[in-house]
Amino acid sequence: MDRPCPCGSGESYDACCEPLLAHREQAGTPEQLMRSRYTAYVRGDADHLFRTWHPRTRPDDVRPDPTTRRPVHLRPGSGVRSSGRVRGCQVRNT
Ligand SMILES: [Zn+2]
């Protein structure tokens with residue numbers, strides 16, 4: 001197995017980006033990371049692309065957060081009354 005790596009490093013795929021895409025190694029340098037992401041893109045490895053994507057720049061709709069999409073339920077009649085009479089409590093000394 002001596003395929004050239006898609007990232008264009010000149011190394012074989014197995015010696016270059018394959019360990020990163022197979023989760024066996026982490027990128028040691030930003031260049032390695034970008035090369036592995038390019039290779040993942042070429043190979044259609046969406047999992048690697050997503051894993052190496054910073055959460056702040058990642059699109060929200062890739063993994064929707066169910067807690068923010070739950071509608072707020074307002075039951076009729078459960079609101080605060082705006083009319084009526086407040087009955088006071090009587091405190092008695094015993
Ligand atoms: Zn590579």
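**View 1. His23, in the loop between two helices.** Our tour opens at His23, which is found in the loop between helix H1 (18–21) and helix H2 (30–43). Keep in mind that this is a predicted model. Is His23 buried or exposed? His23 counts as exposed, because 10 C-beta neighbours lie inside 10 Å. The backbone is worth a look here too: His23 has a positive phi of about 65°, although it is not a glycine. Most residues other than glycine have a negative phi.

**View 2. The whole chain, for orientation.** Stepping back, you'll find three helices and zero strands in the protein chain. From the N terminus on, the elements simply run α-α-α. How many residues does the chain have, and what share of them count as buried? There are 94, and 13% of them count as buried. As for contacts between residues at least 6 apart in sequence, 23% join residues at least 24 apart. On confidence, the mean pLDDT of the chain is 77, with 65% of its residues reaching 70 or more. Among the elements, H1 has the highest mean pLDDT (95), and helix H3 (residues 46–51) has the lowest (86).

View 3. Pro4 is exposed, since 12 other C-beta atoms lie within 10 Å of its own and a residue with 12 or fewer counts as exposed. Which residues does Pro4 contact, once its neighbours within four places in sequence are left aside? They are Ser12 and Tyr13. Asp14 is ten residues along the chain from Pro4, and the C-alpha atoms of the two are separated by 8.5 Å.

View 4. Gly8 is exposed, because its count of other C-beta atoms within 10 Å is 12. Follow the chain for 31 residues and you reach Thr39, yet the C-alpha atoms of Gly8 and Thr39 are separated by 9.1 Å.

**View 5. The largest nonpolar core.** Which residues make up the largest nonpolar core? Seven residues do: Cys5, Cys7, Cys16, Cys17, Leu20, Leu21 and Ala40. In soluble globular proteins, nonpolar side chains tend to be buried together. Zoom in on Cys17, one of the core residues. Not counting residues up to four places away in sequence, Cys17 touches Cys5, Cys7, Arg35, Ser36 and Thr39.

**View 6. Helix H2, end to end.** Just after H2 comes Gly44, with a positive phi of about 75°.

**View 7. Leu33, a partly exposed residue of H2.** Leu33 is found in helix H2. Leu33 counts as partly exposed because it has 15 C-beta neighbours inside 10 Å, whereas a buried residue needs 20 or more. Leaving aside neighbours within four places in sequence, Leu33 is in contact with Ala27 and Thr52. Cys17 is 16 residues from Leu33 along the chain, and their C-alpha atoms are separated by 8.8 Å.

View 8. Our last stop, Tyr38, has its place in helix H2. Why does Tyr38 count as partly exposed? Tyr38 has 17 other C-beta atoms within 10 Å, and that puts it in between the cut-offs of 12 or fewer for exposed and 20 or more for buried.

Definitions and conventions
Residues numbered from 1 in each chain as written. Predicted model: local features only at pLDDT ≥ 70, side-chain atom pairs only at ≥ 80, totals over all residues. Helix = DSSP H or I, 4+ residues; strand = E, 2+ residues; numbered from the N terminus. pLDDT = per-residue confidence, 0-100. Contact = placed C-beta atoms within 7 Å. Core = buried A, V, L, I, M, F, W, Y, C linked by C-beta atoms within 7 Å.
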